Amino acid sequence: MSRMNEMGPLSPSDRTISTLTIAGLNMTNSTPDHDLSNSCLGSRRAFFARMLATGAAVAAGPVALDRSVHAARPGQQDAILRPNLDRDLFRVRMEMDVKGNVNLTKDPLLAQTADKPTKQQLPITAKVALDFEERYLRPEQVDRESQIIAVERHYHTAEGVSRLSRLDQRTELRGGLGTIVARRDQLPEAIYATDDYLTHDELDLLRTPLASVVVDRLVPTQTLRLNEKVELDKDVLASAFNLSGVAQSDVEISLVSNDSKNAKLQFQGKIDGFANGVPTQLRVLGKLTYQHSERAVTWAAVAIHETREIGMAEPGFDVTATIRMIRKPLPSVQVLSKNAVAVDFDAPPPADRLLMAIDCEKIGVSALLDRRWKIMQDGAGQAVLRMIENEQSIAQCNLRSLPKYPAGNQLSLEAFEADVQRTLGKQFGQLVRSEEQLSDSGLRVLHVNATGEVQGIPIQWIVMHFSDETGRRIQATLTMDSESVNKLDGSDVQLAASLQWDRPGALDSEEATEKLGREGTETASSGKQQLRLSPAASSGPGNNGPEHIISASDLPSSKR
């Protein structure tokens, strides 16, 4: 925190862009302000996306920049601005504020289905503060004018607070994560930590609506005349505003003033793009200060009004964000290691670092999973996750807590196989795999794969029963159509190996399990349509009556 003072205090112009307005937009929004801590500041996507499901993507594009030095004269009307591309080390501070509304379905499991789910709109406010040292990473002997395809960062501060309706959430980047790396050669941008696994909250906190690594590339390289407008490249805009791509744009930038110290620029316009396959519309207005002595953009203030449709894993947005950024070129590293982190530019980001820490708080379990998995529901007794890629649902995972067995009692693999067949009923085809194993956390795992049909569609179920010596139990069922099995990429193996109890006693609630069982039929997802697994009933020793089965994950819980 002491290093934050090296950049000096924020000037009044740094602290506010209240003078920025976009024609036809009310930048203050009608949503009432909430008492949010001034030490925690916000992102347009990070918190409201995470509170309902996840994040934004980045597309990078090269822009040719001349590296010759610009010599400015006092009172000069024209300018040739040439950012210094030999600089790879910066200190960056960003403050972000968001106000607006989040649009979502009352039942996220029915998003974008023929059932036309009921929608609702909730007000949101968010604030985020980021302060970091970043170093650009390039392949050896690469042209310095090529795009930056990797960045390593050390965060001095990364914290935020948000309020969605009446729900407050605070997020702060944990210590001990090591260096944070952002790979920009793939879409969306891949962010990971070198020493630990990021959570969805942390990942969303680090995804910013304006990319610091791209702001210099917003500056045109041709001779600029005062107030002359220049159209900005679509690829640069996609990269700058963290979009997967831009279909149409009328954003233009112009030179507002130029003196011996600074050139000031302003850009404005509309962007029609997409983020993770979801159509997104932006209206942007921004101001940049280019410092001649540093040959870099050292200050930026941007107002963004964003509307986005409801996606499979993310809510829709209608929000206004204001972003303030200070950049300072550094002569040498302050906290980052003297030697840059090793990156294999000829290979994709390391798959083992891209796992995400998933925490299902209500049932008290956590696991490391592919980032395509999103928590759709986390309720008493059951959590529902979906694997979603490019707005297509690949698989669904139901995690359900089961009544506790007496200590030392275990469900046999044979009894578990019989339960799976009985539960699936007429949908069952055949068992294709059945095994017992011990997980990395010491849990006993029964693992059964079954095939069958639902509404004429070939389906595969992967059903796992987790238990320990104390009698705690949880059941996981992965459901997918036969064409999506290969896209699972070993998620069942990863879940079996990494799932662990988070809180003692979190899985002991028979009351929560029985309450969940009375709620009726659960939906499951194939890659093409919603599937409904018919309720079934079974009885067993110790049960007063048939247990309600609401999905393939709800297998009989009686002792065998």
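**Exercises on aromatic rings**

Arg 473 lies over the face of Tyr 405, 3.9 Å from the ring centre. A charge counts as over a ring if NZ of Lys or CZ of Arg is within 6 Å of the ring centre and within 35 degrees of the ring normal. The model is predicted: local features need pLDDT of at least 70, side-chain atom pairs count only at pLDDT 80 or more, and totals for chains, interfaces and linings use all residues. Residues are numbered from 1 along each chain as its sequence is written, and side-chain values use heavy atoms, without hydrogens and water.

**Exercise 1.** Classify the pair of Phe 132 and Tyr 155.

Solution. Step one is the rule: rings of Phe, Tyr and Trp (its six-membered ring) pair if their centres lie within 6.5 Å, and planes under 30 degrees apart count as stacked, over 60 as edge-to-face and the rest as tilted. This rule gives three aromatic pairs. Step two applies it: the centres of Phe 132 and Tyr 155 are 5.2 Å apart and the planes stand at 50°, so this pair is tilted.

**Exercise 2.** Classify the pair of Phe 241 and Phe 267, then decide whether Phe 241 is buried or exposed.

Solution. The ring centres of Phe 241 and Phe 267 are 6.3 Å apart with planes at 65°, so the pair is edge-to-face. Buried means under 20% relative accessible area, exposed over 50%, and partly exposed in between (1.4 Å probe, protein chains only). Phe 241 has 0% relative accessibility and therefore counts as buried. Phe 267, at 2%, is also buried.
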